[in-house]
Amino acid sequence: MSARQAGRSSATAPYRAADAFDLERIRADFPILRQQVHGKPLVYLDNAASSQMPQPVIDRLVHYQSAQHANIHRGVHTLSALATAEYEAARCKLQKFLNAAEAREVIFTSGTTDAINLVMHGYGRKFIRAGDEIILTTLEHHANIVPWQMLAEETGAKIRVVPMMDTGELCLDSYEKLFNARTRIVGVTHVSNALGSINPVKLMIALAHAHGVPVLVDGAQAVPHMPVDVQDLDCDFYAFSGHKLCGPTGIGVLYGKAKWLESMQPFKGGGDMILSVSFERTVYNTIPQKFEAGTPPIAAAIGLGAAVDYLSTIGLAAIARHEHELLQHATERLRALPGVRLVGTARHKAAVLSFVLDGVHPHDVGTLLDQEGIAVRTGHHCAQPVMTRLNLAATVRASFAFYNSHAEVDALVAGVRAVQEVFA
Ligand code: PMP
């Protein structure tokens with residue numbers, strides 16, 4: 001049985017570490033992969049936009065909602081204590097997943113965008129003034145551009161941009177030259193969502209620290225694909241979303257070094273983020289609660305905890321290996337097709353293959369592939385500066401997850417050839 005067919009078989013028990021990257025077992029954990037789209041087996045290659053959820057995570061959400069739900073931190077009753085314990089246990093799972101030094105360095109947010117906005121408000125509005133400088137890169141997602149532009153507009157700070165080469169790699173020589181006494185923060189994506197380039201963030205962080213500048217890493221496209229150790233990277237902030245990590249929507253994480261989180265101002269005000277309130281004076285809570293105003297997405301946080309348990313059982317190193325093979329296979333096969341141009345050919349890439357076809361608009365490619373049951377993304381991928389730099393309006397993007405198979409890559413290639421025939 002091919003791996004693609006195996007995705008439609010039913011699961012007996014969820015994946016266990018002893019299964020040693022058994023793709024059929026893994027695929028059987030994802031009920032959505034058994035679906036047909038337009039009468040064809042679903043080939044889901046839009047994982048960079050959002051990944052799918054395995055049965056153990058779905059089961060965890062159902063169990064929480066059916067047996068454990070109450071509001072947290074405030075109640076003295078049993079269910080509230082239970083929900084609080086589960087929510088805080090999820091924080092500890094995320095701490096372990098990232099190898100953060102302390103659980104209080106893990107802030108639950110609603111996603112990457114929310115986490116970056118938290119840093120902009122909490123750090124930026126406190127420490128960045130007129131004439132100060134913010135370094136970003138050409139490869140950033142709009143989520144790591146627009147909040148900083150809003151701050152620059154409000155304060156009179158300046159944004160400096162690290163240029164990119166045609167391959168989709170950053171110009172590190174130029175990066176180093178951008179630092180000066182007014183540089184206050186660097187924002188850099190770990191992996192480009194548009195091109196898949198893996199940026200040398202450890203090196204970039206060390207360089208920034210040599211200038212006394214903290215670094216925010218947008219890890220939305222990295223954490224699902226490779227082991228991430230925030231202490232090893234020595235990043236000051238690391239942001240990502242649960243829904244790209246086999247978890248629910250509406251949840252994400254901001255990791256921040258305690259020394260920064262403690263010195264920052266809160267982003268949102270309200271319940272839970274305070275120790276005491278009077279009309280004369282409010283005393284803020286300690287971290288992490290200082291940054292978690294109001295009722296948080298409790299179920300989603302617990303679901304994300306289950307998702308990182310699931311991924312850790314398979315192992316991020318094994319996931320990275322499998323996805324690398326998929327990417328290599330897809331790259332070789334698509335590159336061999338006349339009329340296909342790969343966009344983004346960095347030496348170090350993760351899980352993303354962007355391309356364009358001669359004479360066919362990317363949206364037409366996406367629509368025709370959908371007719372074959374193949375889900376890809378087309379457009380500017382919320383990274384318009386990347387597209388502008390490459391003189392493109394849009395690309396077709398196939399993005400892989402560990403549950404994708406070589407047979408699905410072959411289905412994509414066959415789909416692309418069929419599109420070319422339609423337009424021949
Ligand atoms: N940064 C990157 C690199 C992304 O790929 C995305 C999602 N496409 C985001 C930020 C924003 O994530 P979210 O919409 O989950 O906040």
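1. The shell around the ligand consists of two nonpolar, eight polar and two charged residues. In this classification Ala, Val, Leu, Ile, Met, Phe, Trp, Tyr, Cys and Pro are nonpolar, Asp, Glu, Lys and Arg are charged, and the others, Gly among them, are polar. The shell residues, each with a heavy atom within 4 Å of the ligand, are Thr112, Thr113, His141, Ala143, Thr189, Asn193, Asp218, Ala220, Gln221, Ser241, His243 and Lys244.

2. The model is predicted: local features require pLDDT of at least 70 and side-chain atom pairs pLDDT 80 or more, while totals for chains, interfaces and linings use all residues. Residues are numbered from 1 along each chain as its sequence is written, and side-chain values use heavy atoms, with hydrogens and water left out.

3. A ligand nitrogen lies 2.5 Å from an N or O atom in the side chain of Asp218. Ligand oxygen is found 2.6 Å from such an atom in the side chain of Thr113, and likewise 2.6 Å from one in the side chain of Ser241. Taken alone, the ligand exposes 400 Å², of which the protein buries 84% (Shrake-Rupley method, 1.4 Å probe).

4. The ligand takes up the space of the largest pocket; the criterion is that more than half of its atoms lie within 2 Å of the grid points. A pocket is an open set of points, on a 1 Å grid over the protein atoms alone, with protein on both sides within 12 Å along at least five of seven lines; lining residues have an atom within 4 Å of a point.

5. This largest pocket has a volume of about 340 Å³, volume being the space filled by probe spheres set on the points. Of its 23 lining residues, His141, Asn193, Gln221, Lys244 and Cys382 are the closest to the centre. The lining comprises seven nonpolar, twelve polar and four charged residues. Domain 1 (3-53 + 315-422) and domain 2 (58-312) each supply at least three of the lining residues; the bounds come from an automatic or database domain assignment.

6. The second largest pocket has a volume of about 220 Å³. Its lining includes His324, Arg335, Arg347 and Lys349.

7. One cavity of 30 Å³ or more is counted, a cavity being a set of points where a 1.4 Å probe fits but cannot get out. The largest cavity holds about 80 Å³, and Lys244, Cys246, Glu323 and Phe400 are among the residues that line it. Seven nonpolar, three polar and two charged residues form this lining, with at least three from each of domain 1 and domain 2.

Conventions:
A polar contact is a pair of N or O atoms within 3.5 Å; within protein, one must be able to donate a hydrogen and the other to accept it, and residues adjacent in sequence count only if both atoms are side-chain atoms.
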